[in-house]
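Student: I would like to go through this model with you. Could we begin with the terms?

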Amino acid sequence: MNTKLRQFFIFFIGLGVSIGLDQFTKHLAVVHLKGQKPFVIIKGVFEFYYSENRGAAFGMLQGRQGFFFLIAAAVILAVLWAVYRMPAGKRYLPLMCSLFLLVSGAVGNMIDRLTQKYVVDFLYFKLIDFPIFNVADCYVTVSCVLIVVMCLLKLKEEDFNKIFTIKKNY
């Protein structure tokens with residue numbers, strides 16, 4: 001298998017596994033938490049607390065499903081284009097993994113919005129009263145942090161040029 005094909009294979013396998021894990025955890029939340037009292041993991045600190053989020057991060061922009069779909073679609077297309085342009089090789093593997101986590105988070109929450117008109121959230125840090133979130137939100141947050149760290153510490157200008165420069169064929 002050539003390296004570019006293997007790169008796409010790894011990307012889509014990672015995407016499928018991470019989306020599956022997100023959907024599985026949301027299913028567990030619906031089955032075991034919906035209509036129940038929160039399941040306390042560490043009293044006063046962390047609990048599983050079922051919530052239906054009809055907005056974006058932290059409940060903002062309630063009821064704007066079309067807007068979220070367009071943003072997610074734009075992110076997905078941009079990531080797929082970047083993966084297509086990304087040179088194959090171990091140097092870019094952390095970036096590729098961060099990108100499939102970003103897309104997994106977007107797709108995981110998009111699936112909820114399309115099928116239910118809301119996103120299932122269930123992870124709650126009560127200690128700091130942090131907004132309730134889910135595994136897909138973790139993917140997006142972790143991937144964004146990793147991408148920023150890689151941009152600052154690992155990737156060089158020529159790496160960005162390889163991925164984001166449009167080649168002129170004349």
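Tutor: Buried means under 20% relative accessible area, exposed means over 50%, and partly exposed lies in between, with a 1.4 Å probe and protein chains only. The model is predicted: local features need pLDDT of at least 70, side-chain atom pairs count only at pLDDT 80 or more, and totals for chains, interfaces and linings use all residues. Residues are numbered from 1 along each chain as its sequence is written, and side-chain values use heavy atoms, leaving out hydrogens and water.

Student: Is isoleucine 10 buried, exposed or partly exposed?

Tutor: Isoleucine 10 counts as partly exposed because its relative accessibility is 34%. Isoleucine 10 is found in helix H1; helices are DSSP runs of H or I with at least four residues, strands are runs of E with at least two, and both are numbered from the N terminus.

Student: What is the order of the elements from the N terminus on?

Tutor: The elements run α-β-β-α-α-β-α-α, with five helices and three strands in the protein chain.

Student: What share of the residues is buried?

Tutor: Of the 170 residues in the protein chain, 37% are buried.

Student: Changing topic, at what angle do H1 and helix H4 pack?

Tutor: H1 and H4 (residues 135-153) pack at about 140 degrees, and their axes are 8 Å apart. Axes are lines fitted to C-alpha atoms, for helices over the stretch in contact, and angles run from 0 to 180 degrees between N-to-C directions.

Student: Which residues make the contact?

Tutor: Ser18, Leu21, Asp22, Thr25 and Lys26 of H1 meet Val135, Ala136 and Tyr139 of H4, where contact means heavy atoms within 4.5 Å.
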